[in-house]
Amino acid sequence: MKRIDVRTIPPRERHPLLFKTFDELEAGESFELINDHDPKPLYYQFQVERGGSVEWEYLEQGPSTWRVRIGKVD
């Protein structure tokens with residue numbers, strides 16, 4: 001599974017990169033997001049822009065590192 005650590009990416013580039021990565025996934029594939037805070041706003045943005053095609057699973061929830069598996073469903 002591909003990992004994207006956004007802690008080293010400029011904030012303005014993060015969401016476009018994550019959406020591009022998601023859009024390139026096939027159904028059933030996923031990637032891991034690594035962040036320094038809870039990416040809950042990103043979750044809501046995915047729900048609005050990609051509807052029911054997103055799976056969101058927390059793998060680690062802070063306090064200094066959050067890891068989320070973001071997957072694509074049919």
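Modeller: Contact means heavy atoms within 4.5 Å. Helices (H or I, at least four residues) and strands (E, at least two) are DSSP runs, numbered from the N terminus. This is a predicted model, where local features need pLDDT of at least 70, side-chain atom pairs count only at pLDDT 80 or more, and totals for chains, interfaces and linings use all residues. Residues are numbered from 1 along each chain as its sequence is written, and side-chain values use heavy atoms, with hydrogens and water left out.

Colleague: What covers the buried residues of H1?

Modeller: Buried means under 20% relative accessible area, exposed over 50% and partly exposed in between (1.4 Å probe, protein chains only). In helix H1 (residues 11-23) the buried residues are Arg14, Leu18, Phe19, Thr21 and Phe22. They cover an arc of only 160° around the axis, taken from the directions from the helix axis to the C-beta atoms, which puts them on the same side of H1. Their cover includes strand S1 (2-5), strand S2 (30-35), helix H2 (40-50), strand S3 (54-61) and strand S4 (66-72).

Colleague: Which exposed residues does the face of H1 turned away from its buried side carry?

Modeller: The buried set to set aside runs from Arg14 to Phe22. The face turned away from it carries the exposed residues Arg12 and Pro16.

Colleague: Which backbone oxygen lies 2.9 Å from a polar atom of the side chain of lysine 72?

Modeller: The lysine 72 side chain reaches the backbone oxygen of phenylalanine 22 at 3.3 Å. At 2.9 Å from a polar atom of that side chain lies the backbone oxygen of leucine 25.

Colleague: Why is the pair of tyrosine 43 and tryptophan 56 edge-to-face?

Modeller: Rings of Phe, Tyr and Trp (its six-membered ring) pair if their centres lie within 6.5 Å; planes under 30 degrees apart count as stacked, over 60 as edge-to-face and the rest as tilted. The structure holds 5 aromatic pairs. In this one the centres are 5.3 Å apart, and the pair is edge-to-face because the planes are at 65°.

How values were computed. A polar contact is a pair of N or O atoms within 3.5 Å; within protein, one must be able to donate a hydrogen and the other to accept it, and residues adjacent in sequence count only if both atoms are side-chain atoms.
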